[in-house]
Amino acid sequence: MQWCADERGSFMLKKVMDFCEEHGLLAHGSSIVVAVSGGVDSMALLDLLVHLQERLALSVHVAHFEHGIRGAASCEDAQHVAAFCRARGVACTIEAADVPRYARERKLSLETAARELRYAFLRRVKASVGAEAIAVAHHADDQAETVVHHLIRGSGFSGLSAMRKEEGLYIRPLLCLRKKEIKERLSELSLSYVEDSTNEDFSYTRNFIRKKIIPLMELVNSRAVEHLFGEAELMAEVEEYFFRKAEAFIEAHGRKTEAEISFSLKSLKEEDALVRREIYRLALRILEGNIINLSKAHLYALDSLIFSGNGKRTELPGGYLGLIKEKKLYFIKAE
């Protein structure tokens with residue numbers, strides 16, 4: 001691929017392109033939904049993908065979710081995204097929702113409620129346009145923040161592996177970039193973006209980590225973000241190893257019906273404790289579809305359970321139980 005030396009922003013464009021080629025994120029001729037809030041990161045992602053459209057024969061469709069958290073300012077964000085798409089000839093779907101009400105009704109934090117509704121919207125847009133993937137604008141600094149966030153919450157290696165370059169429906173073409181690089185590109189190209197006032201609200205955990213904790217870590221080591229990113233990459237390899245071990249165990253020893261999975265206690269006890277805990281995680285993921293609310297406490301409770309007697313049980317997320325009967329551990333839906 002040839003790159004023009006005088007092309008504005010060409011270095012960053014090449015960096016993203018090389019990253020995507022190395023990890024197989026953007027197949028030639030693919031259809032991509034781009035999650036665009038209107039902020040600096042997502043506008044940079046959209047601009048980069050628009051520049052790559054012709055080279056890779058991409059079909060780009062923008063999806064903007066208006067959260068209803070900031071009133072008129074949120075509407076202005078949607079208008080900004082729509083105007084950019086009109087100017088560039090990019091298809092765009094915009095949807096609004098009342099996130100605060102959704103959060104109150106389900107007793108969720110605003111962060112969690114917004115994430116649930118936003119990702120459900122993105123999946124709907126992907127299905128409606130027949131896209132292969134959803135591109136989101138997470139970058140290297142976001143990865144570092146995620147590692148710190150998970151570490152503070154007490155996550156194991158699965159949490160410390162943080163965000164993947166490709167994760168199910170989602171791809172992250174900007175994980176190779178620092179935030180400062182993204183800002184430099186938009187400044188160089190004079191591209192406008194919106195500022196979200198909630199990014200300055202320290203009641204949101206991620207904002208506090210981003211604005212307070214990470215800068216302090218960089219005072220200790222200026223390469224802190226780079227090292228945190230590297231640890232996430234290493235932990236992803238560790239998680240993949242244990243996932244494959246758990247997958248092989250379930251294939252060999254699991255007994256699955258539509259509503260439950262069971263394992264003999266003898267086969268479980270022969271495995272290392274680290275492998276057992278990954279088996280529990282994968283078993284519940286198979287039944288429930290996600291394990292967002294599965295904590296370390298749940299995993300240790302299950303591990304204690306297999307050394308107890310028949311009839312012993314522990315509650316699990318999603319309305320499931322871990323239950324011992326007939327010398328087996330069952331994952332079943334609670335009645």
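Two aromatic rings of Phe, Tyr or Trp count as a pair if their centres lie within 6.5 Å. By that rule, Phe 249, Phe 263, Tyr 280 and Phe 331 form one aromatic cluster in this predicted model.

**Aromatic rings**

- The structure holds six aromatic pairs.
- In one of them, the ring centres of Phe 249 and Phe 263 are 5.7 Å apart and the planes meet at 45°, so the pair is tilted.
- Phe 249 belongs to helix H10 (residues 224-253) and Phe 263 to strand S8 (residues 260-264), so this pair ties together parts that are 14 residues apart in sequence.
- Phe 249 and Phe 263 are both buried.
- Tyr 280 and Phe 331 make another tilted pair, with 6.3 Å from centre to centre and 40° between the planes.
- That pair links distant parts of the chain, 51 residues apart: Tyr 280 sits in helix H12 (residues 273-288) and Phe 331 in strand S11 (residues 328-333).
- Because buried means under 20% relative accessible area, Tyr 280 counts as buried at 0%, and Phe 331 also counts as buried at 0%.
- Lys 325 lies over the face of Tyr 330, at 4.9 Å from the ring centre.

**The antiparallel sheet**

- Five strands form an open sheet with antiparallel pairing, in the order S7-S8-S11-S10-S9.
- Strand S7 (255-256) and strand S9 (313-316) are at the edges with a single partner strand each, so one side of each has no neighbour in the sheet.
- Strand S10 (residues 320-325) and S11 run antiparallel and are joined by six bridges.
- Within S11, Leu 329 is the bridge partner of Ile 324.

**Nonpolar cores**

- The largest nonpolar core has 42 residues, and those with the most contacts inside it are Leu 26, Ile 32, Leu 46, Leu 49 and Leu 174.
- Elements that each supply at least two residues of this core include helix H1 (10-23), strand S1 (31-35), helix H2 (40-56) and strand S2 (59-66).
- H2 gives the most to this core, with 10 residues.
- Another core, of 39 residues, lies apart from the largest one, and among its residues are Ile 279, Leu 287, Ile 291 and Tyr 320.
- Leu 174 touches residues that include Val 16, Leu 45, Leu 48, His 139 and Ile 182, not counting residues up to four places away in sequence.
- In soluble globular proteins, nonpolar side chains tend to be buried together.

- S1 is mostly covered, with five of its five residues buried.
- Ser 31, Val 33 and Ala 35 point one way from S1, while Ile 32 and Val 34 point the other way.
- S1 and S2 pair in the parallel sense over five bridges, and Ser 59 in S2 is the bridge partner of Ser 31.
- S1, H2 and S2 together make a right-handed β-α-β unit.
- S1 also runs parallel to S4, to which three bridges join S1.
- Ala 133 in S4 stands opposite Ile 32.

Conventions
Residues are numbered from 1 along each chain as its sequence is written. This is a predicted model: local features need pLDDT of at least 70, side-chain atom pairs count only at pLDDT 80 or more; totals for chains, interfaces and linings use all residues. Side-chain values use heavy atoms; hydrogens and water are left out. A nonpolar core is a set of buried Ala, Val, Leu, Ile, Met, Phe, Trp, Tyr and Cys residues joined through side-chain atoms within 4.5 Å. Buried means under 20% relative accessible area, exposed over 50%, partly exposed in between (1.4 Å probe, protein chains only). Helices (H or I, at least four residues) and strands (E, at least two) are DSSP runs, numbered from the N terminus. Contact means heavy atoms within 4.5 Å. Rings of Phe, Tyr and Trp (its six-membered ring) pair if their centres lie within 6.5 Å; planes under 30 degrees apart count as stacked, over 60 as edge-to-face and the rest as tilted. A charge sits over a ring if NZ of Lys or CZ of Arg is within 6 Å of the ring centre and within 35 degrees of the ring normal. Two strands pair if DSSP finds at least two bridges between them. A crossover is right-handed if, with the strands pointing away from the viewer, the path from the first strand over the helix to the second runs clockwise.
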